[in-house]
Amino acid sequence: MAAAQGAGAGSGSAAPSGPPASVPGHGSGSTAVAVWEWQDEFGRWRPYRGNVCSYIEQVIQASQQKGRRSGSGLVSSIPLGHADPALAPYVIDIPSLTQFRQDTGTMRAVRRHVFPGDSAAGQGVVWEWQNDEGGWSPYEMNVCVFLEQARATNHQRVDLGPLGYNYEVDFVAQVQTNKSTRFRRSVQRRLDAPYPVTTSTTPLHTGVGCSCQQCWPNSGTGPITTRYRHSTNSPNSATAHQVPGRTASVSSSNVGFVPYNKPALTGARSTPRLNAQSTLVLAQTGSLSAALAASNGVSAQALPVKMSKSSRVSQALAATPTEPESVVKKYLEELKGAPADEDCMICMEKLSSPSGYSDSCPSSSIRPEAVGRLRSCQHSFHLLCVLAMYSNGNKDGSLQCPSCKTIYGEKTGTQPKGKMEISTFPQSLPGHKDCGTIRIVYHISRGIQGPEHPNPGMPYTARGFPRYCYLPDNEKGRKVLELLKVAWKRRLIFTVGTSNTTGESNTVVWNEIHHKTEMDSNLSGHGYPDPNYLDNVLAELAAQGVTEDCLGQ
(Lines give C-alpha, C1' and ligand atoms only; values in the text may rest on other atoms or scores of the structure.)
Protein backbone atom coordinates (compact mmCIF):
# COMPACT_ATOMS: atom_id res chain seq x y z
CA MET A 1 0.00 0.00 0.00
CA ALA A 2 1.36 3.41 -0.90
CA ALA A 3 2.31 5.91 1.72
CA ALA A 4 -0.39 8.40 2.57
CA GLN A 5 0.02 11.85 1.16
CA GLY A 6 1.50 14.55 3.29
CA ALA A 7 3.97 12.86 5.61
CA GLY A 8 5.56 16.26 6.18
CA ALA A 9 4.32 18.66 8.78
CA GLY A 10 3.58 21.44 6.32
CA SER A 11 4.97 24.91 6.14
CA GLY A 12 5.75 27.14 9.05
CA SER A 13 8.61 27.66 11.43
CA ALA A 14 10.44 24.76 12.93
CA ALA A 15 8.78 23.36 15.98
CA PRO A 16 10.55 21.95 19.01
CA SER A 17 11.92 18.42 18.66
CA GLY A 18 10.49 17.24 21.96
CA PRO A 19 7.13 15.57 22.53
CA PRO A 20 3.97 17.54 21.68
CA ALA A 21 2.53 19.46 24.56
CA SER A 22 -1.13 19.22 23.66
CA VAL A 23 -2.27 16.78 21.06
CA PRO A 24 -5.31 14.92 19.89
CA GLY A 25 -5.94 11.59 21.52
CA HIS A 26 -5.26 12.67 25.07
CA GLY A 27 -8.85 13.50 25.86
CA SER A 28 -11.32 11.12 27.35
CA GLY A 29 -13.14 10.74 23.95
CA SER A 30 -16.25 8.65 23.61
CA THR A 31 -14.58 5.92 21.54
CA ALA A 32 -11.50 3.80 21.94
CA VAL A 33 -9.78 1.20 19.76
CA ALA A 34 -7.91 -1.97 20.72
CA VAL A 35 -4.51 -2.90 19.25
CA TRP A 36 -2.89 -6.30 19.74
CA GLU A 37 0.88 -6.65 19.30
CA TRP A 38 3.44 -9.45 19.56
CA GLN A 39 7.03 -9.13 20.77
CA ASP A 40 9.88 -10.25 18.53
CA GLU A 41 13.23 -11.63 19.71
CA PHE A 42 14.79 -8.15 19.79
CA GLY A 43 12.23 -6.82 22.24
CA ARG A 44 10.29 -4.86 19.60
CA TRP A 45 6.51 -4.89 19.68
CA ARG A 46 4.97 -5.50 16.27
CA PRO A 47 1.27 -4.72 15.77
CA TYR A 48 -1.02 -7.24 14.15
CA ARG A 49 -3.00 -5.85 11.22
CA GLY A 50 -6.34 -4.24 11.94
CA ASN A 51 -8.37 -7.17 10.60
CA VAL A 52 -6.52 -9.61 12.87
CA CYS A 53 -7.10 -7.41 15.90
CA SER A 54 -10.79 -7.14 14.95
CA TYR A 55 -11.05 -10.93 14.86
CA ILE A 56 -9.36 -11.31 18.26
CA GLU A 57 -11.72 -8.76 19.78
CA GLN A 58 -14.76 -10.41 18.22
CA VAL A 59 -13.84 -13.84 19.59
CA ILE A 60 -13.30 -12.44 23.09
CA GLN A 61 -16.55 -10.47 23.02
CA ALA A 62 -18.50 -13.49 21.80
CA SER A 63 -16.94 -15.59 24.54
CA GLN A 64 -17.86 -13.00 27.18
CA GLN A 65 -21.47 -12.91 25.99
CA LYS A 66 -21.66 -16.70 25.97
CA GLY A 67 -20.14 -16.81 29.44
CA ARG A 68 -22.72 -14.41 30.81
CA ARG A 69 -25.50 -16.61 29.42
CA SER A 70 -24.14 -20.01 30.36
CA GLY A 71 -21.66 -19.29 33.13
CA SER A 72 -18.79 -20.77 31.12
CA GLY A 73 -15.28 -19.33 31.27
CA LEU A 74 -13.59 -16.97 28.82
CA VAL A 75 -12.15 -18.47 25.63
CA SER A 76 -8.63 -19.76 26.34
CA SER A 77 -7.16 -19.80 22.83
CA ILE A 78 -7.69 -17.97 19.53
CA PRO A 79 -6.37 -19.44 16.24
CA LEU A 80 -5.23 -16.54 14.07
CA GLY A 81 -5.58 -18.40 10.78
CA HIS A 82 -9.27 -17.54 10.73
CA ALA A 83 -8.35 -13.86 10.27
CA ASP A 84 -5.30 -14.32 8.03
CA PRO A 85 -4.38 -17.64 6.34
CA ALA A 86 -0.69 -16.68 6.53
CA LEU A 87 -1.02 -16.92 10.33
CA ALA A 88 -2.45 -20.44 10.23
CA PRO A 89 0.16 -22.01 12.59
CA TYR A 90 -0.37 -19.37 15.27
CA VAL A 91 -2.63 -19.47 18.30
CA ILE A 92 -2.96 -16.83 21.02
CA ASP A 93 -3.28 -18.26 24.51
CA ILE A 94 -5.37 -15.68 26.33
CA PRO A 95 -4.67 -16.63 29.99
CA SER A 96 -0.89 -16.32 29.53
CA LEU A 97 -1.00 -13.61 26.80
CA THR A 98 1.26 -15.72 24.62
CA GLN A 99 1.38 -16.40 20.90
CA PHE A 100 2.16 -20.07 20.25
CA ARG A 101 3.40 -21.47 16.94
CA GLN A 102 2.06 -25.00 16.67
CA ASP A 103 4.64 -26.51 14.33
CA THR A 104 7.78 -25.30 16.15
CA GLY A 105 6.60 -24.61 19.69
CA THR A 106 7.93 -21.02 19.54
CA MET A 107 6.20 -18.77 22.05
CA ARG A 108 6.03 -14.96 21.99
CA ALA A 109 4.53 -12.47 24.41
CA VAL A 110 1.47 -10.56 23.21
CA ARG A 111 -0.20 -7.49 24.62
CA ARG A 112 -3.36 -5.44 24.14
CA HIS A 113 -3.34 -1.65 24.24
CA VAL A 114 -6.34 0.65 24.13
CA PHE A 115 -5.92 3.94 22.24
CA PRO A 116 -8.26 6.91 21.72
CA GLY A 117 -10.51 6.68 18.70
CA ASP A 118 -9.05 9.87 17.22
CA SER A 119 -5.47 8.57 17.48
CA ALA A 120 -3.41 7.01 14.68
CA ALA A 121 -4.79 3.57 15.57
CA GLY A 122 -8.38 4.76 15.32
CA GLN A 123 -7.69 6.46 11.98
CA GLY A 124 -5.81 3.51 10.50
CA VAL A 125 -2.52 5.45 10.30
CA VAL A 126 0.64 3.36 10.48
CA TRP A 127 4.15 4.83 10.56
CA GLU A 128 6.94 2.67 9.13
CA TRP A 129 10.73 2.72 8.77
CA GLN A 130 12.67 1.32 5.80
CA ASN A 131 14.61 -1.81 6.66
CA ASP A 132 17.87 -3.11 5.22
CA GLU A 133 16.11 -5.16 2.56
CA GLY A 134 14.25 -2.17 1.17
CA GLY A 135 10.91 -3.08 2.71
CA TRP A 136 8.90 -1.25 5.34
CA SER A 137 8.59 -2.26 8.99
CA PRO A 138 5.93 -0.74 11.25
CA TYR A 139 6.78 1.05 14.46
CA GLU A 140 4.99 -0.28 17.51
CA MET A 141 1.61 1.37 17.82
CA ASN A 142 2.42 3.70 20.69
CA VAL A 143 5.21 5.15 18.49
CA CYS A 144 2.78 5.51 15.58
CA VAL A 145 0.38 7.38 17.87
CA PHE A 146 3.20 9.58 19.16
CA LEU A 147 4.38 10.43 15.63
CA GLU A 148 0.88 11.17 14.41
CA GLN A 149 0.25 13.45 17.39
CA ALA A 150 3.47 15.34 16.69
CA ARG A 151 2.61 15.71 13.03
CA ALA A 152 -0.89 16.97 13.89
CA THR A 153 0.61 19.77 16.00
CA ASN A 154 2.95 20.88 13.19
CA HIS A 155 6.18 19.53 14.65
CA GLN A 156 8.77 19.29 11.90
CA ARG A 157 10.86 16.80 13.83
CA VAL A 158 10.44 14.82 17.02
CA ASP A 159 12.67 12.92 19.43
CA LEU A 160 11.63 9.32 20.15
CA GLY A 161 13.68 9.27 23.37
CA PRO A 162 10.58 9.38 25.62
CA LEU A 163 9.57 6.04 24.10
CA GLY A 164 12.94 4.41 24.67
CA TYR A 165 14.28 4.81 21.13
CA ASN A 166 17.57 6.55 20.30
CA TYR A 167 16.12 8.17 17.18
CA GLU A 168 14.87 11.48 15.84
CA VAL A 169 12.27 11.66 13.08
CA ASP A 170 12.25 14.55 10.60
CA PHE A 171 8.77 14.88 9.09
CA VAL A 172 9.91 17.25 6.33
CA ALA A 173 12.79 15.08 5.07
CA GLN A 174 10.85 11.92 6.01
CA VAL A 175 13.88 10.34 7.65
CA GLN A 176 14.75 8.75 10.97
CA THR A 177 18.24 9.50 12.36
CA ASN A 178 20.12 7.42 14.93
CA LYS A 179 21.32 9.98 17.48
CA SER A 180 24.50 8.00 18.22
CA THR A 181 25.64 6.89 14.76
CA ARG A 182 23.78 9.53 12.67
CA PHE A 183 22.69 6.72 10.35
CA ARG A 184 19.50 7.71 8.53
CA ARG A 185 16.55 5.70 7.29
CA SER A 186 13.49 6.71 5.33
CA VAL A 187 10.15 6.76 7.10
CA GLN A 188 6.65 6.81 5.69
CA ARG A 189 3.08 7.33 6.81
CA ARG A 190 0.61 4.77 5.49
CA LEU A 191 -3.15 4.45 5.70
CA ASP A 192 -4.59 1.06 6.59
CA ALA A 193 -7.84 -0.24 8.05
CA PRO A 194 -8.69 1.35 11.42
CA TYR A 195 -8.32 -0.81 14.50
CA PRO A 196 -11.47 -2.17 16.15
CA VAL A 197 -13.61 -0.04 18.43
CA THR A 198 -13.80 -1.38 21.97
CA THR A 199 -15.95 -0.64 25.00
CA SER A 200 -13.13 -1.63 27.35
CA THR A 201 -12.82 0.54 30.43
CA THR A 202 -9.04 0.09 30.55
CA PRO A 203 -7.27 3.49 30.73
CA LEU A 204 -6.49 4.82 27.28
CA HIS A 205 -2.89 4.62 26.14
CA THR A 206 -1.72 8.00 24.88
CA GLY A 207 1.42 7.13 22.95
CA VAL A 208 4.18 8.38 25.24
CA GLY A 209 5.41 6.03 27.97
CA CYS A 210 2.76 7.28 30.33
CA SER A 211 1.64 6.15 33.77
CA CYS A 212 -1.35 4.09 32.66
CA GLN A 213 -1.42 0.52 33.90
CA GLN A 214 -0.62 -0.79 30.43
CA CYS A 215 2.73 0.99 30.38
CA TRP A 216 4.13 -0.46 33.58
CA PRO A 217 4.54 -4.03 32.32
CA ASN A 218 4.57 -3.49 28.57
CA SER A 219 6.03 -0.22 27.34
CA GLY A 220 9.42 0.27 25.74
CA THR A 221 10.53 2.12 28.84
CA GLY A 222 9.36 -0.54 31.27
CA PRO A 223 10.79 -3.93 32.14
CA ILE A 224 11.05 -6.64 29.50
CA THR A 225 10.36 -10.01 31.03
CA THR A 226 10.83 -12.24 27.98
CA ARG A 227 14.10 -13.91 27.01
CA TYR A 228 16.36 -11.83 24.76
CA ARG A 229 18.67 -13.80 22.48
CA HIS A 230 21.57 -11.34 22.38
CA SER A 231 21.51 -10.76 26.08
CA THR A 232 24.32 -8.21 26.25
CA ASN A 233 22.00 -5.80 24.50
CA SER A 234 18.91 -5.21 26.54
CA PRO A 235 15.88 -4.73 24.34
CA ASN A 236 15.27 -1.58 26.32
CA SER A 237 18.54 -0.06 25.21
CA ALA A 238 18.04 2.94 23.04
CA THR A 239 19.75 1.41 20.04
CA ALA A 240 18.55 -2.15 20.16
CA HIS A 241 15.39 -1.73 18.15
CA GLN A 242 16.52 -1.40 14.54
CA VAL A 243 19.47 -2.42 12.43
CA PRO A 244 21.64 0.66 11.86
CA GLY A 245 24.01 -0.87 9.32
CA ARG A 246 23.53 -1.92 5.72
CA THR A 247 24.42 -5.56 6.24
CA ALA A 248 21.89 -8.31 5.99
CA SER A 249 19.84 -8.63 9.11
CA VAL A 250 18.76 -11.88 10.66
CA SER A 251 15.03 -11.98 10.23
CA SER A 252 12.88 -13.50 12.88
CA SER A 253 11.39 -16.78 11.99
CA ASN A 254 8.27 -16.09 13.91
CA VAL A 255 6.46 -15.19 10.74
CA GLY A 256 8.52 -17.50 8.58
CA PHE A 257 7.25 -20.20 6.25
CA VAL A 258 3.85 -21.62 6.95
CA PRO A 259 4.02 -25.40 6.67
CA TYR A 260 0.42 -25.89 7.71
CA ASN A 261 -1.58 -26.28 4.54
CA LYS A 262 -5.01 -26.42 6.07
CA PRO A 263 -6.54 -23.08 5.07
CA ALA A 264 -7.14 -20.76 7.98
CA LEU A 265 -7.28 -23.67 10.42
CA THR A 266 -10.82 -24.44 9.31
CA GLY A 267 -10.37 -28.07 10.16
CA ALA A 268 -9.74 -27.37 13.81
CA ARG A 269 -12.72 -26.81 15.92
CA SER A 270 -10.98 -24.39 18.27
CA THR A 271 -10.76 -21.91 15.77
CA PRO A 272 34.40 -5.68 4.85
CA ARG A 273 35.84 -8.52 2.80
CA LEU A 274 39.47 -9.45 3.72
CA ASN A 275 42.07 -11.68 2.05
CA ALA A 276 41.40 -15.16 3.33
CA GLN A 277 44.18 -17.40 4.58
CA SER A 278 42.21 -20.57 4.07
CA THR A 279 38.86 -21.32 2.53
CA LEU A 280 36.51 -24.26 2.90
CA VAL A 281 33.49 -24.67 0.67
CA LEU A 282 30.42 -26.77 1.37
CA ALA A 283 28.16 -26.86 -1.65
CA GLN A 284 24.82 -28.58 -1.85
CA THR A 285 25.56 -30.01 -5.32
CA GLY A 286 27.72 -32.88 -6.50
CA SER A 287 29.07 -35.76 -4.40
CA LEU A 288 30.66 -36.08 -0.98
CA SER A 289 34.21 -35.94 -2.37
CA ALA A 290 37.03 -33.60 -1.37
CA ALA A 291 39.04 -31.66 -3.95
CA LEU A 292 41.81 -29.09 -3.68
CA ALA A 293 41.68 -26.07 -5.98
CA ALA A 294 43.69 -22.87 -6.29
CA SER A 295 42.00 -19.58 -7.02
CA ASN A 296 43.68 -16.18 -6.70
CA GLY A 297 46.28 -17.68 -4.39
CA VAL A 298 43.65 -18.92 -1.98
CA SER A 299 43.71 -22.60 -1.24
CA ALA A 300 40.19 -23.99 -1.27
CA GLN A 301 38.78 -27.32 -0.24
CA ALA A 302 35.40 -28.32 -1.59
CA LEU A 303 33.16 -30.59 0.45
CA PRO A 304 29.89 -30.59 -1.49
CA VAL A 305 26.76 -32.21 -0.21
CA LYS A 306 24.79 -34.32 -2.67
CA MET A 307 21.33 -32.90 -3.03
CA SER A 308 20.05 -32.87 -6.59
CA LYS A 309 19.68 -36.64 -6.98
CA SER A 310 19.46 -37.78 -3.40
CA SER A 311 18.75 -34.98 -0.98
CA ARG A 312 19.27 -35.10 2.76
CA VAL A 313 15.54 -35.42 3.08
CA SER A 314 15.41 -38.42 0.75
CA GLN A 315 18.34 -40.04 2.58
CA ALA A 316 16.42 -39.72 5.81
CA LEU A 317 13.32 -41.12 4.13
CA ALA A 318 15.25 -44.17 2.97
CA ALA A 319 16.51 -44.94 6.48
CA THR A 320 13.45 -44.18 8.56
CA PRO A 321 9.81 -45.26 8.40
CA THR A 322 7.98 -42.22 7.05
CA GLU A 323 4.39 -43.33 6.69
CA PRO A 324 2.70 -40.76 8.93
CA GLU A 325 0.81 -43.27 11.10
CA SER A 326 3.98 -45.39 11.49
CA VAL A 327 6.04 -42.40 12.61
CA VAL A 328 3.41 -41.34 15.15
CA LYS A 329 3.16 -44.84 16.60
CA LYS A 330 6.95 -45.20 16.68
CA TYR A 331 7.53 -42.20 18.90
CA LEU A 332 4.33 -42.09 20.99
CA GLU A 333 2.70 -44.69 23.17
CA GLU A 334 -1.07 -44.58 23.36
CA LEU A 335 -2.54 -43.87 26.79
CA LYS A 336 -5.50 -45.81 28.12
CA GLY A 337 -6.93 -42.76 29.86
CA ALA A 338 -6.56 -39.10 28.94
CA PRO A 339 -5.62 -36.50 31.62
CA ALA A 340 -8.90 -34.80 32.46
CA ASP A 341 -7.71 -31.19 32.84
CA GLU A 342 -4.82 -31.09 30.39
CA ASP A 343 -4.95 -29.34 27.01
CA CYS A 344 -3.44 -30.59 23.78
CA MET A 345 -0.91 -27.92 22.79
CA ILE A 346 -1.54 -28.56 19.10
CA CYS A 347 -5.30 -28.16 18.77
CA MET A 348 -5.79 -26.44 22.17
CA GLU A 349 -8.69 -28.76 22.99
CA LYS A 350 -8.88 -30.78 26.20
CA LEU A 351 -7.14 -34.14 25.91
CA SER A 352 -10.32 -35.66 27.26
CA SER A 353 -12.14 -34.35 24.14
CA PRO A 354 -11.62 -35.52 20.55
CA SER A 355 -8.83 -33.98 18.53
CA GLY A 356 -9.51 -30.63 16.92
CA TYR A 357 -8.11 -32.06 13.68
CA SER A 358 -10.54 -34.97 13.45
CA ASP A 359 -12.34 -33.33 10.49
CA SER A 360 -9.29 -32.18 8.52
CA CYS A 361 -6.95 -35.13 9.13
CA PRO A 362 -8.96 -38.36 9.18
CA SER A 363 -7.13 -41.63 9.79
CA SER A 364 -8.24 -45.23 9.48
CA SER A 365 -5.93 -46.39 12.26
CA ILE A 366 -6.02 -43.52 14.77
CA ARG A 367 -9.20 -42.62 16.62
CA PRO A 368 -10.03 -38.89 17.12
CA GLU A 369 -10.08 -39.32 20.90
CA ALA A 370 -6.80 -41.29 21.09
CA VAL A 371 -4.10 -39.67 23.24
CA GLY A 372 -0.41 -40.54 23.14
CA ARG A 373 2.69 -39.70 25.15
CA LEU A 374 6.06 -39.06 23.56
CA ARG A 375 8.41 -41.78 24.79
CA SER A 376 11.33 -39.62 25.89
CA CYS A 377 9.98 -36.26 27.08
CA GLN A 378 6.61 -37.71 28.21
CA HIS A 379 4.49 -34.86 26.85
CA SER A 380 0.99 -35.85 25.78
CA PHE A 381 -1.04 -34.89 22.71
CA HIS A 382 -3.90 -36.20 20.64
CA LEU A 383 -2.38 -38.78 18.31
CA LEU A 384 -4.39 -37.31 15.46
CA CYS A 385 -2.97 -33.84 16.18
CA VAL A 386 0.58 -35.21 16.00
CA LEU A 387 -0.37 -36.96 12.76
CA ALA A 388 -1.63 -33.65 11.32
CA MET A 389 1.53 -31.84 12.44
CA TYR A 390 3.77 -34.47 10.86
CA SER A 391 1.75 -34.66 7.65
CA ASN A 392 2.10 -30.90 7.12
CA GLY A 393 5.87 -30.92 7.61
CA ASN A 394 8.79 -32.48 5.70
CA LYS A 395 7.66 -36.04 6.43
CA ASP A 396 11.32 -36.98 6.93
CA GLY A 397 10.70 -39.56 9.65
CA SER A 398 11.41 -37.18 12.53
CA LEU A 399 9.14 -35.52 15.07
CA GLN A 400 9.71 -32.52 17.30
CA CYS A 401 7.77 -32.09 20.51
CA PRO A 402 5.79 -28.84 20.27
CA SER A 403 6.14 -28.37 24.02
CA CYS A 404 9.82 -28.90 24.85
CA LYS A 405 11.22 -29.22 21.29
CA THR A 406 12.79 -32.62 21.95
CA ILE A 407 13.58 -34.15 18.55
CA TYR A 408 12.84 -37.75 17.71
CA GLY A 409 14.87 -39.00 14.75
CA GLU A 410 17.04 -36.77 12.55
CA LYS A 411 15.40 -33.47 11.74
CA THR A 412 15.92 -32.07 8.27
CA GLY A 413 14.76 -28.77 6.82
CA THR A 414 13.64 -27.21 3.56
CA GLN A 415 16.65 -25.05 2.75
CA PRO A 416 17.16 -24.58 -1.02
CA LYS A 417 20.41 -25.76 -2.55
CA GLY A 418 23.37 -23.42 -2.35
CA LYS A 419 26.95 -23.10 -1.17
CA MET A 420 28.54 -22.45 2.22
CA GLU A 421 32.06 -20.98 2.19
CA ILE A 422 34.31 -20.75 5.24
CA SER A 423 37.49 -18.70 5.47
CA THR A 424 39.72 -17.35 8.22
CA PHE A 425 41.70 -14.14 8.65
CA PRO A 426 43.81 -12.68 11.50
CA GLN A 427 41.68 -9.66 12.39
CA SER A 428 39.96 -10.08 15.76
CA LEU A 429 36.33 -9.54 16.61
CA PRO A 430 35.46 -7.17 19.47
CA GLY A 431 35.41 -9.21 22.65
CA HIS A 432 37.69 -11.88 21.15
CA LYS A 433 41.08 -10.12 20.94
CA ASP A 434 43.01 -13.35 21.51
CA CYS A 435 42.10 -14.97 18.19
CA GLY A 436 41.35 -14.35 14.54
CA THR A 437 38.01 -14.53 12.78
CA ILE A 438 36.06 -17.17 10.89
CA ARG A 439 33.98 -15.83 8.04
CA ILE A 440 31.07 -17.82 6.63
CA VAL A 441 29.53 -16.85 3.30
CA TYR A 442 26.19 -18.35 2.30
CA HIS A 443 25.25 -18.42 -1.38
CA ILE A 444 21.69 -19.24 -2.41
CA SER A 445 20.10 -18.28 -5.71
CA ARG A 446 16.48 -17.90 -6.68
CA GLY A 447 14.70 -20.98 -7.94
CA ILE A 448 11.50 -23.02 -8.02
CA GLN A 449 9.91 -24.38 -4.86
CA GLY A 450 9.92 -28.12 -4.36
CA PRO A 451 7.25 -30.34 -2.78
CA GLU A 452 8.61 -29.60 0.70
CA HIS A 453 8.05 -25.84 0.32
CA PRO A 454 4.90 -23.78 0.98
CA ASN A 455 3.95 -23.35 -2.71
CA PRO A 456 5.43 -26.15 -4.84
CA GLY A 457 6.13 -25.16 -8.43
CA MET A 458 6.14 -21.44 -7.71
CA PRO A 459 9.34 -19.35 -7.95
CA TYR A 460 11.13 -18.20 -4.80
CA THR A 461 13.44 -15.19 -4.48
CA ALA A 462 16.78 -15.03 -2.63
CA ARG A 463 17.32 -11.47 -1.40
CA GLY A 464 20.51 -10.27 0.26
CA PHE A 465 22.81 -13.08 -0.90
CA PRO A 466 25.64 -13.72 -0.48
CA ARG A 467 25.26 -13.33 3.28
CA TYR A 468 28.38 -12.82 5.38
CA CYS A 469 28.57 -14.11 8.96
CA TYR A 470 31.33 -14.10 11.57
CA LEU A 471 32.62 -16.31 14.40
CA PRO A 472 35.69 -16.01 16.65
CA ASP A 473 38.40 -18.45 15.57
CA ASN A 474 38.74 -20.02 19.02
CA GLU A 475 37.78 -23.41 20.41
CA LYS A 476 34.11 -22.61 20.99
CA GLY A 477 33.81 -20.71 17.72
CA ARG A 478 35.22 -23.67 15.80
CA LYS A 479 32.78 -25.95 17.59
CA VAL A 480 29.90 -23.75 16.50
CA LEU A 481 31.29 -23.79 12.96
CA GLU A 482 31.33 -27.59 12.84
CA LEU A 483 27.76 -27.74 14.05
CA LEU A 484 26.70 -25.11 11.50
CA LYS A 485 28.18 -27.37 8.81
CA VAL A 486 25.92 -30.16 10.05
CA ALA A 487 22.94 -27.81 10.10
CA TRP A 488 23.75 -26.72 6.54
CA LYS A 489 23.91 -30.32 5.33
CA ARG A 490 20.58 -31.00 7.01
CA ARG A 491 19.08 -27.93 5.30
CA LEU A 492 18.25 -26.21 8.59
CA ILE A 493 19.83 -22.75 8.29
CA PHE A 494 17.45 -21.23 5.74
CA THR A 495 13.98 -22.01 4.50
CA VAL A 496 11.47 -20.62 2.02
CA GLY A 497 8.72 -18.51 3.51
CA THR A 498 7.66 -14.96 4.33
CA SER A 499 10.26 -12.36 5.30
CA ASN A 500 9.60 -10.95 8.73
CA THR A 501 11.46 -7.79 7.70
CA THR A 502 9.87 -6.98 4.34
CA GLY A 503 6.69 -9.05 4.36
CA GLU A 504 7.68 -10.60 1.02
CA SER A 505 6.42 -14.16 0.61
CA ASN A 506 8.04 -17.02 -1.32
CA THR A 507 11.55 -15.89 -0.44
CA VAL A 508 14.57 -17.39 1.35
CA VAL A 509 14.61 -16.50 5.05
CA TRP A 510 16.66 -17.40 8.12
CA ASN A 511 15.39 -20.39 10.07
CA GLU A 512 15.79 -19.98 13.85
CA ILE A 513 19.60 -20.29 14.02
CA HIS A 514 20.88 -16.77 14.62
CA HIS A 515 24.04 -15.53 12.92
CA LYS A 516 26.26 -12.51 13.51
CA THR A 517 26.23 -10.58 10.24
CA GLU A 518 28.34 -7.64 11.46
CA MET A 519 31.87 -7.66 12.84
CA ASP A 520 32.37 -4.59 14.92
CA SER A 521 29.02 -3.00 15.65
CA ASN A 522 26.52 -4.57 17.97
CA LEU A 523 24.05 -1.71 18.13
CA SER A 524 21.71 -3.90 16.11
CA GLY A 525 22.21 -7.14 18.00
CA HIS A 526 23.82 -8.65 14.89
CA GLY A 527 27.48 -7.90 15.71
CA TYR A 528 30.15 -8.10 18.39
CA PRO A 529 30.90 -7.91 21.26
CA ASP A 530 28.34 -10.36 22.57
CA PRO A 531 29.80 -12.70 25.21
CA ASN A 532 26.68 -14.88 25.27
CA TYR A 533 26.22 -15.35 21.53
CA LEU A 534 28.14 -18.63 21.16
CA ASP A 535 26.23 -20.23 24.02
CA ASN A 536 22.95 -18.95 22.60
CA VAL A 537 23.60 -20.30 19.11
CA LEU A 538 24.69 -23.66 20.55
CA ALA A 539 21.33 -23.82 22.31
CA GLU A 540 19.53 -22.93 19.08
CA LEU A 541 21.43 -25.62 17.19
CA ALA A 542 20.56 -28.14 19.90
CA ALA A 543 16.91 -27.16 19.52
CA GLN A 544 17.23 -28.29 15.89
CA GLY A 545 18.78 -31.60 16.96
CA VAL A 546 22.33 -30.53 16.06
CA THR A 547 24.62 -31.36 18.99
CA GLU A 548 28.17 -32.63 19.56
CA ASP A 549 26.84 -36.16 19.11
CA CYS A 550 26.38 -35.34 15.42
CA LEU A 551 30.05 -34.52 14.83
CA GLY A 552 31.23 -38.11 14.77
CA GLN A 553 28.55 -39.18 12.31
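Reply: Start with pairing: two strands pair if DSSP finds at least two bridges between them. This is a predicted model. In it, Asp93 stands opposite Thr98 in E5.

Me: What makes E4 and E5 a pair?

Reply: Strand E4 (residues 90–93) and E5 are joined by 4 bridges. The cut-off is at least two, so they count as paired. They run antiparallel. The hairpin they form has 4 residues between the strands, and Leu97 takes a positive phi near 50° there.

Me: What joins E5 to E6?

Reply: There are 3 bridges between E5 and strand E6 (residues 107–116), again set against a cut-off of at least two. The two strands run antiparallel. Thr98 stands opposite Ala109 in E6.

Me: Which way do the residues of E5 point?

Reply: Thr98 and Phe100 point one way, Gln99 and Arg101 the other. All are buried. In a regular strand, side chains alternate between the two faces of the sheet.

Me: Why is Ser355 called buried?

Reply: Buried means under 20% relative accessible area. Ser355 has 0%, so it counts as buried. Ser355 is in the loop between strand E17 (332–334) and strand E18 (371–374).

Me: What makes the approach of Ser355 to Tyr357 close enough for a polar contact?

Reply: A polar atom of the Ser355 side chain lies 3.0 Å from the backbone nitrogen of Tyr357. The distance cut-off is within 3.5 Å.

Me: How do you know that the length of H8 agrees with its residue count?

Reply: Helix H8 (residues 475–489) has 15 residues, which at 1.5 Å a residue should span 21 Å. Its end C-alpha atoms are 22 Å apart, which agrees. Its buried residues include Val480, Leu484 and Trp488. Just after H8, Arg491 takes a positive phi of about 65°.

Me: Why are E8 and E9 called edge strands?

Reply: The open sheet has 6 strands in the order E8-E7-E12-E11-E10-E9, with antiparallel pairing. Strand E8 (136–138) and strand E9 (157–159) each have a single partner strand, so one side of each is left without a neighbour in the sheet. The twist averages 30° from one strand to the next.

Me: What holds for E9 and E10?

Reply: E9 and strand E10 (residues 167–170) pair over 3 bridges in the antiparallel sense. Arg157 has Asp170 as its bridge partner in E10. Helix H3 (residues 141–152) lies across E9 and E10, among other strands, and runs at about 105° to E7.

Note on methods:
Residues numbered from 1 in each chain as written. Predicted model: local features only at pLDDT ≥ 70, side-chain atom pairs only at ≥ 80, totals over all residues. Heavy atoms only, no water. Buried < 20%, exposed > 50% of the residue type's maximum accessible area, 1.4 Å probe, protein only. Polar contact = N/O pair within 3.5 Å; in protein donor to acceptor, adjacent residues only side chain to side chain. Expected span 1.5 Å × (residues − 1). Axes fitted to C-alpha atoms, helices over the stretch in contact; angles between N-to-C directions. Contact = heavy atoms within 4.5 Å.
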